[in-house]
There are 2 protein chains.
Amino acid sequence: MVFEYSKVEAEEVVEEGSRGVKVRWLIDRRLGAENFAMRMFEFQPGGHTALHRHPWEHEVYVLEGRGTLISGGRRYELREGVVAYIPPNELHQFRNDGDTTLRMLCMIPAEGCVGR
Amino acid sequence: MVFEYSKVEAEEVVEEGSRGVKVRWLIDRRLGAENFAMRMFEFQPGGHTALHRHPWEHEVYVLEGRGTLISGGRRYELREGVVAYIPPNELHQFRNDGDTTLRMLCMIPAEGCVGR
């Protein structure tokens, strides 16, 4: 299965504390992927995820834009080419501090694919 | 754990049938990632992986360059923004047909992280 990312619809992330964030579920169980999922997140300028934690990890690769990751009480600068591993249960938040879209891939294990 | 991808060394892929391909293991068990790994592959012009199969899937995102994926007997064009899901046991090969580096992320489940 091969396709352009833009063929997958960007859905608004609906979670208290999240604002101006869309997600495309690029690879998940619908394609037969049983172990982990690939999502693309797009943050408007000023957009951010909730400051939250959950029992599964994130593996992140930043594609474009500028932002901040708060993870485990520390702040990290996000830009193209930055890789982030957020362990299970770590408190974290992504923010777009720039004036263009912040775009990243975020992979999670099947455990985190609630309702999908 | 947050870092620039270039901080991780690019190692030559050593496999019969592979040529001009390097891999950076960006996220794996060394960082505590128990479920799946993130690797970055870089193909020189003319470089290609072996035409092979294995019992684990690939989740791929193309970052730059031009190439071809052969998967399940079909050919697909690779360019920035292309997503590929290669199911377990499917015969596949990646090739750089362009005149610049072909660079992609390729995630695999822990099962495929042999010796790491």
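In the predicted model, Ser18(A) lies in a loop of chain A, where this loop joins β2 (11-12) to β3 (19-27). The relative accessible area of Ser18(A) is 16%, so this residue counts as buried. When residues up to four places away in sequence are left aside, the contacts of Ser18(A) are with Val13(A), His48(A), Thr49(A) and Ala50(A).

The cysteines were examined next. Over all chains, the structure contains 0 disulfides. Cys106(A) takes part in no disulfide, and the nearest cysteine sulfur, which belongs to Cys113(A), is 10 Å away. A disulfide requires two cysteine sulfur atoms within 2.5 Å. Cys106(A) has a relative accessibility of 3% and is therefore classed as buried. Cys113(A) is likewise in no disulfide, the nearest cysteine sulfur being that of Cys106(A), at 10 Å. With a relative accessibility of 7%, Cys113(A) also counts as buried.

The relation between the two chains was then considered. Chain B is superposed on chain A by a rotation of 180°, with 0.0 Å of shift along the rotation axis and an RMSD of 0.0 Å. The two copies are therefore related as by a two-fold rotation axis. Both copies use the same surface, since 100% of the contact residues of chain B recur in chain A.

Definitions and conventions:
Residues numbered from 1 in each chain as written. Chains lettered and ligands numbered in written order. Predicted model: local features only at pLDDT ≥ 70, side-chain atom pairs only at ≥ 80, totals over all residues. Heavy atoms only, no water. Buried < 20%, exposed > 50% of the residue type's maximum accessible area, 1.4 Å probe, protein only. Least-squares fit on C-alpha atoms with pLDDT ≥ 70 in both. Contact = heavy atoms within 4.5 Å. Helix = DSSP H or I, 4+ residues; strand = E, 2+ residues; numbered from the N terminus.
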